[in-house]
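User: Could you take a close look at the part around the ligand for me? I would like a connected account that I can follow with the model open.

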Amino acid sequence: MNVLVLNAGSSSLKFQLIATDREAIAANKDVRLCRGQINRFGGEVVIEVLMRDGSRRKFAASTRDMQASLEHLMQWLASDASGIDEIRALSDVHAVGHRVVHGGELFAESMLITDEVLKGIEDCIELAPLHNPNNIKGILAARQVFGPKLPQVAVFDTSFHHSIPEHAYLYAIPYHLYPRHRIRRYGFHGTSHRYVSERYRMLRGVSKEQTNLITLHLGNGCSAAAIRGGLSVDTSMGMTPLEGLVMGTRSGDLDPAIVGLIATKESLSITETEALLNTQSGLLGLSGLSNDMRVLQEELKGHDDRRVRLAIEVFCYRAKKYIGAFLAGMGGSDAIVFTGGIGENSADIRARICAGLEWAGLKLDEKRNQQTVGSEGQISTDDSSLHAFVIPTDEELLIARDAVRCVLGQPDAAHSESSSKTRGARM
Ligand code: ADP
């Protein structure tokens, strides 16, 4: 099957075209036909495509909105100009998989999109006002372009964390606020945490029940997940992606009283204070230089800037603290898995996070750590009792695979961490 994976944002539409089916999934032999991004809606858009052979194409189109841009992209993909033999007509796309940020408590797994499912995604707009409306726009645009008969599948960032028990998802505030305003921990990056935990299972040849991991997704956004018996039992992001680890521009955990204090002392509204915590904090706020870890590491090497050093130290200490907390919460783990741009590529950050975890049984193998950049591998010594691995994430691949599983049925049910709370058409 050729699956078009869409990640619709406010000013961009990211896409990947992946050829996969049950056999390809089982053999890990899915083929990425191309990937890219459509930027800037309103006026002219620029479409950038990275082809299978590594070449890049870039072209502009005078289209106004997401639907027209998608239509234009599909015309190009199906034309001789793209050189993608698998796509000769719209009908050569057999399913569309959408990244949907928030599934609230409604969706415990990926869903074939029906009107009822679409309504459920709308119900969750209140929980993700910046994201779900764009995801819905993407779904409606694809429905227009491909027609209502083409199966579309929603894959939620929150679904994997549905298995988190009450004692880990409730905040200690008056209980009635939970049912009244749906205030609880939902967690995010679920597709990434699930992908690396499934890949770990494949690489190690262990069953789901034997999968006990702490996964660290360290990218621009950062989160940790505690995975016991293959299920997420806790995660660092909360009601929103602001909680938890230090991120590129987000503060992560802080004393909630600080919000009111900043608002009062800096004469900011609550909304402006929240924006400060989301967009001007984290690595950027601490360093005063950049949210980009590569830039900070180069600066540290070149000038040993004090604030840059502090930003990196706070970042790594927070990650280490979460590892300790999750080890206690889940009663020990077999491994820590690093993923995301920083986790996959920065041996230095991984070494800083792992340093001092020898008490927990983790001994980092320096050479393996240095050699594992952007690739899969074990970075702990063989005699460690708590191992460390690097597994590059691939959320789009998991979305494509879920689309196949939802459309064809579920013999291997790899994504089915099922819950009775799920509503709508489950396949
Ligand atoms: P996103 O969360 O937006 O998908 P990524 O997962 O691509 O982002 O992660 C982006 C982060 O990864 C940036 O902070 C970037 O500096 C960092 N990064 C990428 N490559 C390296 C590297 N070689 N060393 C250190 N950090 C890196």
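Analyst: Happy to. The ligand is surrounded by 13 residues, and the closest are Asn220, Asp292, Met293, Arg294 and Gly341.

Before going further, a word on the model. It is predicted, so local features need pLDDT of at least 70 and side-chain atom pairs count only at pLDDT 80 or more, while totals for chains, interfaces and linings use all residues. Residues are numbered from 1 along each chain as its sequence is written, and side-chain values use heavy atoms, with hydrogens and water left out.

Sorted by class, the shell has nine polar, two charged and two nonpolar residues. In this sorting, Ala, Val, Leu, Ile, Met, Phe, Trp, Tyr, Cys and Pro count as nonpolar, Asp, Glu, Lys and Arg as charged, and the others, Gly among them, as polar.

Helix 11 (293-303) and helix 13 (340-345) each supply at least two residues of this shell. Helix 13 gives the largest share, four residues. Helices here are DSSP runs (H or I, at least four residues), numbered from the N terminus.

Now for the polar contacts, meaning pairs of N or O atoms within 3.5 Å; within protein, one must be able to donate a hydrogen and the other to accept it, and residues adjacent in sequence count only if both atoms are side-chain atoms. A polar backbone atom of glycine 341 is 2.9 Å from an oxygen atom of the ligand. Arginine 294 also uses its backbone, with an N or O atom 3.1 Å from a ligand oxygen. Asparagine 345 instead brings a polar side-chain atom, which lies 3.4 Å from a nitrogen atom of the ligand. Of the 580 Å² that the ligand exposes when taken alone, the protein buries 68%; such accessible areas come from the Shrake-Rupley method with a 1.4 Å probe, and for residues only the protein chains shown count as cover.

How values were computed:
A residue is near a molecule or strand if one of its heavy atoms lies within 4 Å of it.
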